Amino acid sequence: AEFVEKLRYIHRNPLKRALRVDKMTIAALSSVLSLYDNPEELPNRLPVLRALTRPMADIHAQAERLLGAVAARLGEKTSVSVVRCESQIGSGALPTNAIASAGLSIQPRPQRRSAGTMLTRVASAFRILPVPVIGRIHENAFLLDLRALDDEDAFTRQLTHLTLAEPPL
């Protein structure tokens, strides 16, 4: 009788309707779970798993390949180097873990007096590309973590749009 009464309460609760799983949610969940029938193919089919399992040597090699192209587009106002970094796993208010990665560190040249302004301009220049590129400002440098960069060719092609325009007066 106690359990039947609890079920009656759950049935009357207005949140039941709001939190009910619909057919689309079930279909999406079923589709994702079916991928796990073939575990060897998971990294090829799930982008997040592909990024998480990507070998560090591959990421570092990609950073080395992109170094020259990015440095050439940014010119003499910055220096670009390959660095080791960490990718955050998780999101929202509590990204709890990190995983080793590699990326490009873009720093204003030492003689620049307004380093913060230059870093903001670099971040903005990457964000306004046809496919926005999001990095982070860390330890006086703009850092592009390359762990999740799948399409290197597309990234390189859009570098022709990358400019560090002077801010309007």
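Let's start at Phe155, which touches Leu66, Val70, Phe126, Val133, Leu144 and Leu149, leaving aside residues up to four places away in sequence. Contact here means heavy atoms within 4.5 Å. A word on what we're looking at: this is a predicted model, where local features need pLDDT of at least 70, side-chain atom pairs count only at pLDDT 80 or more, and totals for chains, interfaces and linings use all residues. Residues are numbered from 1 along each chain as its sequence is written, and side-chain values use heavy atoms, with hydrogens and water left out.

Back to Phe155, then. In the largest nonpolar core, which has 25 residues, Phe155 is listed with Val70, Ile106 and Phe126 as having the most contacts inside it. Two or more residues of this core come from each of α6 (56–74), β2 (97–108), α7 (115–127) and β4. The most come from α7, with six residues. By nonpolar core I mean a set of buried Ala, Val, Leu, Ile, Met, Phe, Trp, Tyr and Cys residues joined through side-chain atoms within 4.5 Å. Buried is under 20% relative accessible area, exposed is over 50%, and partly exposed lies in between (1.4 Å probe, protein chains only).

Now let's zoom out. The protein chain has eight helices and four strands, and along the sequence they run α-α-α-α-α-α-β-β-α-β-β-α. These are DSSP runs numbered from the N terminus: H or I with at least four residues for helices, E with at least two for strands. Of the 169 residues, 26% count as buried. Taking contacts between residues at least 6 apart in sequence, 60% join residues at least 24 apart.

What about the surface? The accessible surface comes to about 11900 Å², and carbon and sulfur atoms hold 58% of it. Areas come from the Shrake-Rupley method with a 1.4 Å probe; for residues, only the protein chains shown count as cover.

Finally, have a look at the loop between β3 (136–137) and β4 (142–145), where Glu139 is found. Asn140 has its place in the loop between β3 and β4 too. Phi of Glu139 is near 50°, a positive value in a residue other than glycine, and Asn140, also not a glycine, has a positive phi of about 60°.
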